[in-house]
Amino acid sequence: MRHPSRAMALAGAATVLALALSACTGSAGSGDARGAGATQGRNPDPALVDSTSVPELGQCRNLRPEDVALPANATAAVDCTEEHTAQTYAVGTLPDKLHDAAYDSDELGAWAYKTCSKGLMAFLGADESSVMRTIVTWSWFRPSEAAWDEGARWYRCDVIGGGGEGVDYRPLPKTAEGLLMGLPPDEWMVCADGPAVAGSPKVPCSEEHTWRAVTTIKVGEPGDDYPGDRVVEVTSRDFCSDSVAAWLGYPLEYDFGFTWFKEAEWQVGNRRSVCWARTSS
(Lines give C-alpha, C1' and ligand atoms only; values in the text may rest on other atoms or scores of the structure.)
Protein backbone atom coordinates (compact mmCIF):
# COMPACT_ATOMS: atom_id res chain seq x y z
CA MET A 1 0.00 0.00 0.00
CA ARG A 2 1.24 3.48 -0.82
CA HIS A 3 1.47 6.03 1.99
CA PRO A 4 2.05 9.54 0.63
CA SER A 5 3.01 11.03 3.98
CA ARG A 6 3.37 14.63 2.78
CA ALA A 7 0.39 14.81 0.43
CA MET A 8 -1.15 18.27 0.50
CA ALA A 9 -4.78 18.95 -0.41
CA LEU A 10 -4.91 22.36 -2.03
CA ALA A 11 -8.32 23.36 -3.30
CA GLY A 12 -9.62 26.45 -5.07
CA ALA A 13 -11.40 27.76 -8.13
CA ALA A 14 -9.23 28.08 -11.22
CA THR A 15 -9.12 31.35 -13.13
CA VAL A 16 -9.53 29.68 -16.50
CA LEU A 17 -13.11 28.65 -15.68
CA ALA A 18 -13.91 31.79 -13.75
CA LEU A 19 -12.83 33.85 -16.73
CA ALA A 20 -14.86 31.72 -19.10
CA LEU A 21 -17.95 32.03 -16.95
CA SER A 22 -17.71 35.79 -16.66
CA ALA A 23 -17.40 36.01 -20.42
CA CYS A 24 -20.33 33.64 -20.85
CA THR A 25 -22.68 35.60 -18.68
CA GLY A 26 -21.50 39.01 -19.74
CA SER A 27 -21.89 40.12 -16.15
CA ALA A 28 -18.48 41.70 -15.81
CA GLY A 29 -17.36 45.09 -17.02
CA SER A 30 -20.53 46.24 -18.77
CA GLY A 31 -20.11 49.77 -17.41
CA ASP A 32 -22.30 52.83 -17.80
CA ALA A 33 -20.55 54.57 -20.67
CA ARG A 34 -22.13 54.20 -24.09
CA GLY A 35 -19.13 54.86 -26.35
CA ALA A 36 -17.88 51.92 -28.43
CA GLY A 37 -14.45 52.10 -26.81
CA ALA A 38 -16.03 51.58 -23.39
CA THR A 39 -18.54 48.89 -24.30
CA GLN A 40 -17.02 47.05 -27.29
CA GLY A 41 -13.29 46.97 -26.55
CA ARG A 42 -10.24 49.07 -27.22
CA ASN A 43 -9.29 50.30 -30.68
CA PRO A 44 -12.71 49.52 -32.18
CA ASP A 45 -13.21 49.08 -35.93
CA PRO A 46 -16.13 51.38 -36.90
CA ALA A 47 -17.38 48.72 -39.32
CA LEU A 48 -17.72 46.23 -36.45
CA VAL A 49 -19.34 48.51 -33.88
CA ASP A 50 -22.97 47.38 -33.42
CA SER A 51 -22.54 44.99 -36.36
CA THR A 52 -25.40 42.59 -37.09
CA SER A 53 -23.25 40.38 -39.39
CA VAL A 54 -21.63 37.12 -38.33
CA PRO A 55 -17.93 37.80 -37.59
CA GLU A 56 -15.14 36.56 -39.85
CA LEU A 57 -13.52 33.25 -38.93
CA GLY A 58 -9.76 33.17 -38.33
CA GLN A 59 -9.20 36.85 -37.61
CA CYS A 60 -6.53 37.85 -35.09
CA ARG A 61 -6.64 40.67 -32.54
CA ASN A 62 -4.74 42.15 -29.66
CA LEU A 63 -7.16 41.68 -26.77
CA ARG A 64 -6.52 42.44 -23.13
CA PRO A 65 -8.41 41.32 -20.01
CA GLU A 66 -10.53 44.49 -20.06
CA ASP A 67 -11.69 43.62 -23.59
CA VAL A 68 -12.47 40.01 -22.69
CA ALA A 69 -14.55 41.13 -19.71
CA LEU A 70 -17.07 42.77 -22.06
CA PRO A 71 -19.97 40.87 -23.68
CA ALA A 72 -19.39 42.48 -27.10
CA ASN A 73 -16.16 43.23 -28.93
CA ALA A 74 -15.41 45.36 -31.98
CA THR A 75 -11.61 45.56 -31.61
CA ALA A 76 -9.96 45.98 -35.00
CA ALA A 77 -8.37 42.86 -36.47
CA VAL A 78 -4.65 42.67 -37.21
CA ASP A 79 -2.78 40.51 -39.69
CA CYS A 80 -2.07 37.16 -38.05
CA THR A 81 1.62 37.53 -39.02
CA GLU A 82 1.74 40.47 -36.60
CA GLU A 83 1.81 40.18 -32.82
CA HIS A 84 -1.60 39.20 -31.44
CA THR A 85 -3.10 37.65 -28.31
CA ALA A 86 -6.38 36.32 -29.73
CA GLN A 87 -7.66 34.40 -32.74
CA THR A 88 -11.26 33.69 -33.71
CA TYR A 89 -11.75 29.93 -34.05
CA ALA A 90 -15.55 29.57 -34.14
CA VAL A 91 -18.42 31.76 -35.38
CA GLY A 92 -22.05 31.24 -36.25
CA THR A 93 -25.61 32.03 -35.35
CA LEU A 94 -27.27 31.06 -32.11
CA PRO A 95 -29.78 28.19 -32.20
CA ASP A 96 -33.44 29.11 -32.61
CA LYS A 97 -34.21 28.19 -28.99
CA LEU A 98 -32.01 31.08 -27.84
CA HIS A 99 -33.35 33.79 -30.13
CA ASP A 100 -35.76 34.98 -27.45
CA ALA A 101 -33.31 34.55 -24.57
CA ALA A 102 -32.32 37.56 -22.52
CA TYR A 103 -29.07 39.23 -23.56
CA ASP A 104 -27.30 38.14 -20.37
CA SER A 105 -29.26 34.97 -19.57
CA ASP A 106 -27.68 31.97 -17.87
CA GLU A 107 -29.07 29.75 -20.61
CA LEU A 108 -27.17 31.71 -23.25
CA GLY A 109 -23.98 31.61 -21.20
CA ALA A 110 -24.21 27.86 -20.63
CA TRP A 111 -24.72 27.21 -24.35
CA ALA A 112 -21.72 29.37 -25.22
CA TYR A 113 -19.57 27.62 -22.61
CA LYS A 114 -20.30 24.19 -24.08
CA THR A 115 -19.97 25.34 -27.69
CA CYS A 116 -16.74 27.30 -27.30
CA SER A 117 -15.15 24.68 -25.02
CA LYS A 118 -15.82 21.87 -27.49
CA GLY A 119 -14.67 24.02 -30.39
CA LEU A 120 -11.47 24.95 -28.59
CA MET A 121 -10.49 21.31 -28.09
CA ALA A 122 -10.97 20.60 -31.78
CA PHE A 123 -9.07 23.74 -32.81
CA LEU A 124 -6.09 23.18 -30.49
CA GLY A 125 -5.95 19.43 -31.16
CA ALA A 126 -6.34 18.70 -27.46
CA ASP A 127 -8.51 16.68 -25.12
CA GLU A 128 -10.43 18.11 -22.18
CA SER A 129 -7.62 17.36 -19.73
CA SER A 130 -4.99 19.22 -21.78
CA VAL A 131 -7.26 22.22 -22.26
CA MET A 132 -7.83 22.47 -18.50
CA ARG A 133 -4.06 22.40 -17.87
CA THR A 134 -3.00 25.02 -20.39
CA ILE A 135 -2.39 28.72 -19.93
CA VAL A 136 -4.44 29.23 -23.08
CA THR A 137 -8.07 30.12 -22.52
CA TRP A 138 -11.01 31.41 -24.55
CA SER A 139 -13.64 34.08 -24.55
CA TRP A 140 -16.89 34.46 -26.42
CA PHE A 141 -18.65 37.53 -27.70
CA ARG A 142 -22.19 38.28 -28.84
CA PRO A 143 -23.62 41.28 -30.71
CA SER A 144 -23.78 44.61 -28.93
CA GLU A 145 -27.04 45.34 -27.15
CA ALA A 146 -27.99 47.70 -29.99
CA ALA A 147 -27.38 44.98 -32.60
CA TRP A 148 -29.17 42.43 -30.40
CA ASP A 149 -32.21 44.69 -30.31
CA GLU A 150 -32.09 44.76 -34.12
CA GLY A 151 -32.27 40.97 -34.21
CA ALA A 152 -28.60 39.99 -34.49
CA ARG A 153 -27.98 36.56 -32.94
CA TRP A 154 -24.38 35.64 -33.75
CA TYR A 155 -21.57 34.37 -31.55
CA ARG A 156 -17.77 34.51 -31.77
CA CYS A 157 -15.28 32.31 -29.87
CA ASP A 158 -11.69 33.55 -29.53
CA VAL A 159 -8.70 31.61 -28.24
CA ILE A 160 -6.60 33.79 -25.93
CA GLY A 161 -2.84 33.41 -25.39
CA GLY A 162 -2.96 33.50 -21.61
CA GLY A 163 -5.44 34.33 -18.91
CA GLY A 164 -5.88 30.69 -17.94
CA GLU A 165 -4.93 30.26 -14.25
CA GLY A 166 -4.15 33.97 -14.08
CA VAL A 167 -1.17 33.90 -16.46
CA ASP A 168 -0.62 37.21 -18.27
CA TYR A 169 -1.66 37.41 -21.90
CA ARG A 170 1.13 36.63 -24.35
CA PRO A 171 1.42 36.53 -28.14
CA LEU A 172 0.04 33.53 -30.01
CA PRO A 173 1.78 31.95 -33.00
CA LYS A 174 0.62 32.89 -36.51
CA THR A 175 -2.15 30.35 -36.01
CA ALA A 176 -3.07 28.56 -32.79
CA GLU A 177 -4.61 25.67 -34.70
CA GLY A 178 -3.07 22.42 -33.46
CA LEU A 179 -1.16 24.24 -30.71
CA LEU A 180 -1.65 21.44 -28.14
CA MET A 181 -1.53 18.49 -30.52
CA GLY A 182 0.63 15.56 -29.42
CA LEU A 183 2.87 16.42 -26.46
CA PRO A 184 1.96 20.07 -25.72
CA PRO A 185 4.93 22.47 -25.45
CA ASP A 186 5.75 23.52 -21.88
CA GLU A 187 5.42 27.18 -22.83
CA TRP A 188 1.65 26.66 -23.13
CA MET A 189 1.09 24.43 -20.10
CA VAL A 190 0.39 25.77 -16.60
CA CYS A 191 2.66 25.44 -13.59
CA ALA A 192 2.89 27.26 -10.25
CA ASP A 193 5.90 28.71 -8.50
CA GLY A 194 5.58 28.81 -4.72
CA PRO A 195 5.26 26.72 -1.57
CA ALA A 196 1.67 25.69 -2.39
CA VAL A 197 -0.53 25.71 -5.47
CA ALA A 198 -3.12 27.96 -3.89
CA GLY A 199 -1.95 31.56 -3.84
CA SER A 200 1.22 30.95 -5.84
CA PRO A 201 1.88 32.74 -9.16
CA LYS A 202 0.89 30.63 -12.14
CA VAL A 203 3.50 30.49 -14.89
CA PRO A 204 4.12 28.62 -18.13
CA CYS A 205 5.89 25.33 -17.41
CA SER A 206 8.83 26.52 -19.53
CA GLU A 207 9.66 28.90 -16.64
CA GLU A 208 10.99 28.04 -13.20
CA HIS A 209 8.27 26.36 -11.14
CA THR A 210 7.59 24.10 -8.16
CA TRP A 211 4.21 22.64 -9.20
CA ARG A 212 2.83 21.29 -12.46
CA ALA A 213 -0.79 20.60 -13.41
CA VAL A 214 -0.29 17.00 -14.52
CA THR A 215 -3.72 15.36 -14.86
CA THR A 216 -7.43 15.95 -14.49
CA ILE A 217 -9.97 13.59 -12.97
CA LYS A 218 -13.71 13.25 -13.50
CA VAL A 219 -15.91 13.97 -10.50
CA GLY A 220 -19.25 13.40 -12.24
CA GLU A 221 -21.07 12.55 -15.45
CA PRO A 222 -22.87 15.01 -17.77
CA GLY A 223 -26.37 14.30 -16.44
CA ASP A 224 -25.48 14.22 -12.74
CA ASP A 225 -26.88 16.73 -10.26
CA TYR A 226 -24.34 18.73 -8.31
CA PRO A 227 -23.43 16.57 -5.28
CA GLY A 228 -22.31 19.43 -3.06
CA ASP A 229 -19.03 21.16 -2.32
CA ARG A 230 -17.81 18.64 0.25
CA VAL A 231 -18.36 15.63 -2.00
CA VAL A 232 -16.56 17.26 -4.94
CA GLU A 233 -13.69 18.36 -2.72
CA VAL A 234 -13.15 14.95 -1.10
CA THR A 235 -13.55 13.10 -4.39
CA SER A 236 -11.01 15.42 -6.00
CA ARG A 237 -8.56 14.95 -3.15
CA ASP A 238 -8.76 11.16 -3.17
CA PHE A 239 -8.66 10.73 -6.95
CA CYS A 240 -5.83 13.26 -7.37
CA SER A 241 -3.76 11.48 -4.72
CA ASP A 242 -3.85 8.31 -6.81
CA SER A 243 -3.52 10.10 -10.15
CA VAL A 244 -0.45 12.11 -9.13
CA ALA A 245 1.16 9.05 -7.55
CA ALA A 246 0.81 7.23 -10.85
CA TRP A 247 2.19 10.20 -12.80
CA LEU A 248 5.24 10.34 -10.51
CA GLY A 249 5.83 6.58 -10.70
CA TYR A 250 4.48 5.70 -7.24
CA PRO A 251 7.15 7.18 -4.96
CA LEU A 252 6.99 6.52 -1.23
CA GLU A 253 6.50 10.22 -0.50
CA TYR A 254 5.15 12.99 -2.67
CA ASP A 255 3.23 16.26 -2.52
CA PHE A 256 0.11 16.83 -4.52
CA GLY A 257 -2.50 19.52 -4.89
CA PHE A 258 -5.90 19.77 -6.54
CA THR A 259 -8.14 22.43 -7.97
CA TRP A 260 -11.85 21.73 -7.71
CA PHE A 261 -14.80 23.70 -9.04
CA LYS A 262 -18.10 24.58 -7.46
CA GLU A 263 -21.75 24.56 -8.50
CA ALA A 264 -21.64 27.48 -10.95
CA GLU A 265 -19.03 25.72 -13.07
CA TRP A 266 -20.86 22.39 -12.69
CA GLN A 267 -24.05 23.93 -14.07
CA VAL A 268 -22.35 25.01 -17.29
CA GLY A 269 -20.87 21.56 -17.86
CA ASN A 270 -17.55 21.14 -16.05
CA ARG A 271 -17.15 17.72 -14.42
CA ARG A 272 -13.39 17.68 -13.83
CA SER A 273 -10.86 18.73 -11.21
CA VAL A 274 -7.18 19.47 -11.88
CA CYS A 275 -4.40 17.53 -10.13
CA TRP A 276 -1.00 19.10 -9.39
CA ALA A 277 2.33 17.43 -8.62
CA ARG A 278 5.20 19.10 -6.77
CA THR A 279 8.02 18.92 -9.29
CA SER A 280 10.54 21.21 -10.89
CA SER A 281 10.42 19.43 -14.23
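**Cysteine pairs and a helix**

Visitor: Why does Cys60 count as buried?
Guide: Buried means under 20% relative accessible area, exposed means over 50%, and partly exposed lies in between (1.4 Å probe, protein chains only). Cys60 has a relative accessibility of 1%, so Cys60 counts as buried.

Visitor: What kind of model is this?
Guide: This is a predicted model, in which local features need pLDDT of at least 70 and side-chain atom pairs count only at pLDDT 80 or more, while totals for chains, interfaces and linings use all residues. Residues are numbered from 1 along each chain as its sequence is written, and side-chain values use heavy atoms, with hydrogens and water left out.

Visitor: What makes Cys60 and Cys80 a disulfide?
Guide: The term is for a pair of cysteine sulfur atoms within 2.5 Å. The sulfur atoms of Cys60 and Cys80 are 2.0 Å apart, and the two form a disulfide. The pair links distant parts of the chain, 20 residues apart: Cys60 is in strand 1 (residues 60-61), and Cys80 is in the loop between helix 3 (65-68) and strand 2 (86-93). Helices (H or I, at least four residues) and strands (E, at least two) are DSSP runs, numbered from the N terminus.

Visitor: Why is the disulfide of Cys60 and Cys80 called right-handed?
Guide: The torsion about its S-S bond is about 100 degrees, so the disulfide is right-handed.

Visitor: And why is the disulfide of Cys116 and Cys157 called left-handed?
Guide: Here the S-S torsion is about -65 degrees, so this disulfide is left-handed. Cys116 sits in helix 4 (residues 106-124) and Cys157 in strand 4 (residues 154-160), so the pair ties together parts 41 residues apart in sequence.

Visitor: How do you know that Cys116 is buried?
Guide: Its relative accessibility is 0%, so Cys116 counts as buried. Cys157 is buried too, with a relative accessible area of 0%.

Visitor: How many disulfides does the structure hold?
Guide: There are four. Another pair is Cys191 and Cys205, with sulfur atoms 2.0 Å apart. Counting bonded cysteines along the chain, the pattern is 1-2, 3-4, 5-6, 7-8.

Visitor: What is the span of helix 7 close to?
Guide: The expected span of a helix is 1.5 Å times one less than its number of residues. Helix 7 (residues 229-248) has 20 residues and reaches 28 Å from its first C-alpha to its last, close to the 28 Å expected. Its buried residues include Val232, Ser236 and Cys240. After helix 7 comes Gly249, with a positive phi near 85 degrees.
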